[in-house]
Amino acid sequence: MRIGIDAIAFSTSKYFLSLETLAQHRRVDYAKYCLGIGQTKMSVFPPNEDIVTIAVDAAQKVMLQTEDRDKIDLLIFATESAFDLSKSAGIYVHNFLGLRKDCRVFDLKQACYSAAAALQMAKSHVTANPDSKVFVIGSDTIKYSPGTSGEATQGGGAVAFIVSKNPRILEVESHFGVHTEDVMDFWRPIHLKEALFDGKLSAHNYLKSLDICVKIYLEKANRTISDIDHVCFHAPFGKMAQKANNHLFKCKSINETLVYNSIIGNSCSASLFICFISLLDNFSANLAGNRIGFYSYGSGSVAEFFSGIVAKNYQKMLRAENNRAMLSNRHEISFIEYELLCDGKLQDFHCYENMGNTVLHDITNNKRIYRSAT
Ligand code: CAA
């Protein structure tokens, strides 16, 4: 049975900071950011936008393309930006989408890797229940302390996709290579808003795990690198993905996978899949029948390499014009506003626009109150 991604969409904040502005204020050569790191803008989140609101926006777009919605009996919300250690962020999304009540909902965490884990769990669920559909959501916002080397790689975004049989976008193949190793390269203790990291160790382990995962994958699948037509990487910043590509897949270009990432920044669990959407939207030739390799890396660390075959007529499922319009209609914020947002000094929930129609309206008695604008 063919199982994979049937519909997919993404979202991010309505606001961004230009890295040219950041470079000026941090007295860094802008070329370091745009060439050395491969990023030109980063999404910045106002108080009324969070992992739930952007997840709902992405998921509502997917719902527009999904028939038989009552077949969705599992929703997995992958995130490392949880604001609640108990209640699943997925429950808010389940409510806004109006999914059936006998739908299993839970959050999944393993740094940037968790949405890839969710995809594999979803595939197993559909294998066992061929008529089921699974909603997978990856949604993250990432912050580093101001002035640190990670600052220019901040960002955030959400991806939502349906996993079902007879997928209209990507059939996920059965072989994969996974590698787990206890490494302190990036972590966020629960009392901190900003992530901590050992940048050089993280880049080293990203590449080391890639070698191991690809080797296992190729052996299991009895394939060589030349059997893979394109590769999408988890992109903490564009240059990391470029380095990974040059390291193993030298002859393939990944520029088309990084178009959106370069102006959103690191979207953690969503990143790999936003790179996939970017490839589908921006690659000029027909990708139908092509084998795409996917490399997911979650610090800490778990990594996985797997592959999929692009479906015939996948173009009918794309939203390329909408995606470009969504990103080009964002608002640029000033450096002063960025600093105030970082310090938590702008707490007005009502003076910012949202990307979609769901807003974080207020937080009362530690309860998050979401509203739909329509
Ligand atoms: N013009 C052009 N290029 C320049 C330049 C200039 N003026 N100045 C510097 N550069 C280049 C450097 O040569 C370097 O390129 P190479 O890596 O090819 O040598 C690049 O810009 C970056 O320079 P540095 O290494 O000096 O940068 P840095 O030490 O300030 O920090 C970083 C870079 C380590 C990536 C840092 O941003 C960081 O730690 N980020 C957070 C951690 C991270 O994202 N790790 C990635 C793997 S972990 C992961 O994938 C999980 C996750 O999502 C977090």
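**The ligand shell and its surroundings**

Sorted by class, the shell around the ligand has 10 nonpolar, nine polar and five charged residues. Here Ala, Val, Leu, Ile, Met, Phe, Trp, Tyr, Cys and Pro count as nonpolar, Asp, Glu, Lys and Arg as charged, and the others, Gly among them, as polar.

What you see is a predicted model: local features need pLDDT of at least 70, side-chain atom pairs count only at pLDDT 80 or more, and totals for chains, interfaces and linings use all residues. Residues are numbered from 1 along each chain as its sequence is written, and side-chain values use heavy atoms, with hydrogens and water left out.

Back to the ligand. It is surrounded by 24 residues, the closest being Lys32, Lys200, Ser202, His234 and Lys243; a residue is near if one of its heavy atoms lies within 4 Å.

Which helices each supply at least two residues of the shell? They are H2 (30–37), H6 (199–221) and H7 (238–248). H6 gives the largest share, five residues. Helices (H or I, at least four residues) and strands (E, at least two) are DSSP runs, numbered from the N terminus.

Next, polar contacts, meaning here pairs of N or O atoms within 3.5 Å. An oxygen atom of the ligand is 2.4 Å from a polar side-chain atom of lysine 243. For lysine 239, the distance from a polar side-chain atom to a ligand oxygen is 3.2 Å. Aspartate 29 has a side-chain N or O atom 3.0 Å from a nitrogen atom of the ligand. On its own the ligand has 1,100 Å² of accessible area, and the protein covers 73% of that (Shrake-Rupley method, 1.4 Å probe).

Now the whole protein. It has 11 helices and 16 strands, and its C-alpha trace spans about 55 × 50 × 40 Å along the principal axes. With 374 residues, a compact globule would have a radius of gyration near 21 Å, and the protein's 19 Å agrees. That radius is taken over C-alpha atoms, and the globule rule is 2.2 Å times the number of residues to the power 0.38.

Two backbone details to finish. Glycine 300 and serine 301 are joined by a cis peptide bond, with omega about 10°; serine 301 lies in the loop between strands S12 (291–298) and S13 (302–310). Arginine 27, in the loop between H1 (19–26) and H2, has a positive phi of about 55° although it is not a glycine.

How values were computed: A polar contact is a pair of N or O atoms within 3.5 Å; within protein, one must be able to donate a hydrogen and the other to accept it, and residues adjacent in sequence count only if both atoms are side-chain atoms.
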